[in-house]
Amino acid sequence: MKIEVLYFAWVRERIGEPRETLETEAATVMDLVEELRAREPRYDLAFSDLKSLRVALDQELTEFDASLDGVREVAFFPPMTGG
Amino acid sequence: MQVTVQSEDFDLAQVLKGFGKAPNTGATVSFTGRVRDDSGTLEHMEIEHYPGMCEATITKIAEEAATRWSLTDCLVIHRYGNLRPGDQIMMVATAARHRVEAFEAAEYLMDYLKSRAPFWKKEVTREGADWVAAKDADEEALNRW
């Protein structure tokens, strides 16, 4: 399946791009993270501490064990600092 | 209810002019957040945002507040882009029958915007640039609601 992956703040800086379209068979967010980490060191670095990361599926905050079934957009970012 | 995410500045007086006009409104409260420079070396602050998710998340938070405190009006403006010390970052305004509801709803909005709205701040100082880390206290602040 094709999936849009977005990165924000220091995750974006570590990976070096704001978004990309990926072809993946990953079943969950965690599977996708493992797939990316194995790809290149810059991903491995960006995803080295999952406790300092948040994930949203189709623009809704969720957990790393969430299913990617039917999902079009995944976003990874650090904890938000709005306000 | 109005939720706006924009790069441009806003005119507080102008925004509040048409706010909370329903006849059953007895109290309006507004809060404005500004770029603070504690160190005296801040050149600017970059505010990154997630277009789409920002609007959706803030709208959900505002709807929650509107229901919980029976607000007669509710407004949130949040900016993104490069801001300088003293610049306005965001504002919330609430209107209710009584002041307790208006004040509480405004605090609720601020607490949730801080930890749930997808914005990230980077401070650019004369010494370098760094992302502002989320504080545990901000997350804990949600527990009181």
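**Interface, sheet and backbone features of the predicted complex**

Chain B has a mean pLDDT of 96, with 100% of its residues at 70 or more. The model is a predicted one, and the predictor assigns the complex an ipTM of 0.94 together with a pTM of 0.94.

The contact between the chains draws on 13 residues from chain A and 21 residues from chain B. On the side of chain A that touches chain B, the elements giving two or more residues are helix α1 (9-15) and strand β5 (73-77). By residue class, this side of chain A comprises nine nonpolar and four polar residues, and no charged ones.

Chain A contains an open sheet of five strands in the order β2-β1-β5-β3-β4, and the pairing is mixed.

The pairing of β1 (residues 2-7) with β2 in chain A is antiparallel and extends over five bridges. Within chain A, residue A:L6 stands opposite A:R19, the latter belonging to β2.

Positive phi values occur in chain A at two residues described here. A:A9, which is not a glycine, has a positive phi of about 55°. A:A9 counts as buried because it has 23 C-beta neighbours inside 10 Å, the threshold for burial being 20 or more.

A:Q59, likewise a residue other than glycine, has a positive phi near 70°. Its position is in the loop between β3 (54-57) and β4 (60-62) of chain A. With 18 other C-beta atoms within 10 Å, A:Q59 is partly exposed.

In chain B, B:S39 is placed in the loop between β2 (27-34) and β3 (42-49). B:S39 is classed as exposed because 10 other C-beta atoms lie within 10 Å, where the limit for exposure is 12 or fewer. A separation of 36 Å is found between the C-alpha atoms of B:S39 and B:E101, two residues that are 62 residues apart along the chain.

Key:
Residues are numbered from 1 along each chain as its sequence is written. Chains are lettered from A and ligands numbered from 1 in the order in which they are written. This is a predicted model: local features need pLDDT of at least 70, side-chain atom pairs count only at pLDDT 80 or more; totals for chains, interfaces and linings use all residues. Two residues are in contact if their C-beta atoms, placed from the backbone, lie within 7 Å. Helices (H or I, at least four residues) and strands (E, at least two) are DSSP runs, numbered from the N terminus. Ala, Val, Leu, Ile, Met, Phe, Trp, Tyr, Cys and Pro count as nonpolar, Asp, Glu, Lys and Arg as charged, and the others, Gly among them, as polar. pLDDT is the predictor's confidence in each residue, from 0 to 100. Two strands pair if DSSP finds at least two bridges between them.
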